[in-house]
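Good morning, and thank you for making time for this presentation.

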Amino acid sequence: MYSTVLAPAGLHHKTADGYIFSRPTNGKIGQTYKAFWDKAERLFAEEQGPIALGKLYALWEAPPFGIRRGLLPILALAFVMANRHRFALYGEGRFQAEIDEYLVDILLQDENLVALRRVDVDAFQGAVLSGLAGAIKSVTGQSCPADPLEIAHRLVRFARELPPLTQKT
């Protein structure tokens with residue numbers, strides 16, 4: 001699947017910093033993916049709340065795309081990974097800071113239990129984000145970009161890694 005679906009379209013490729021997920025490339029095969037990829041981006045841009053991936057599946061299965069059901073989880077996960085900085089991810093109605101095995105299992109069982117919500121990053125830029133990113137760096141020792149979703153991911157991860165007694169109080 002990787003060498004026939006993801007890599008040739010440029011959805012997953014190597015950069016100077018390692019491997020990343022991204023939009024389809026402008027190459028011959030990547031161009032064939034652009035129409036359904038762009039349609040997915042428009043779907044999430046037009047609606048405000050979380051949208052279940054089942055709606056994305058229905059869009060991609062219908063004409064003119066007609067993508068087969070077996071490819072949908074792979075393409076949907078590639079779409080999510082490529083747009084991690086623009087979408088908040090929900091599993092069973094709860095915000096998910098990370099894409100883990102449990103979330104992928106839920107996606108494979110019922111795509112309607114996984115949802116994305118577009119986050120307007122421009123509305124949140126500023127001193128508050130920089131301050132939060134600085135606070136995260138001082139607590140974790142790791143640099144954090146002033147990006148709302150990245151800050152949310154790191155805060156949730158930090159809270160989940162606290163000792164059980166601290167989480168209960």
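**Helix α6 and its cover**

Among the elements that cover the buried residues of α6 is α7 (148-160), where contact means heavy atoms within 4.5 Å and buried means under 20% relative accessible area, with exposed over 50% and partly exposed in between (1.4 Å probe, protein chains only). Helices (H or I, at least four residues) and strands (E, at least two) are DSSP runs, numbered from the N terminus.

Before I continue, a word on the source: this is a predicted model, in which local features need pLDDT of at least 70 and side-chain atom pairs count only at pLDDT 80 or more, while totals for chains, interfaces and linings use all residues. Residues are numbered from 1 along each chain as its sequence is written, and side-chain values use heavy atoms, leaving out hydrogens and water.

Which residues of α6 are buried? They are L129, A133 and I136. These residues cover an arc of only 60 degrees around the axis, taken from the directions from the helix axis to the C-beta atoms, which puts them on the same side of α6. An α-helix has 3.6 residues a turn, so residues three or four places apart point the same way. On the other side of α6, the exposed residues are A127, V128, S138 and V139. Directly after α6 comes G141, with a positive phi near 80 degrees.

I turn now to the packing of the two helices. The axes of α6 and α7 come within 10 Å and cross at roughly 35 degrees; axes are lines fitted to C-alpha atoms, for helices over the stretch in contact, and angles run from 0 to 180 degrees between N-to-C directions. From α6, the residues L129, L132, A133, I136, V139 and T140 meet P148, I151, R154, L155 and F158 of α7.

Next, the strands, which pair if DSSP finds at least two bridges between them. Strand β6 (residues 114-118) pairs with strand β3 (residues 51-52) in the antiparallel sense over two bridges, and A52 stands opposite A115 in β6. Strand β4 (residues 87-91) also pairs with β6 in the antiparallel sense, over five bridges. Within β6, V114 is the bridge partner of G91.

Finally, the protein as a whole. The protein has eight helices and six strands, and its C-alpha trace spans about 50 × 35 × 30 Å along the principal axes. Of its 169 residues, 36% count as buried.
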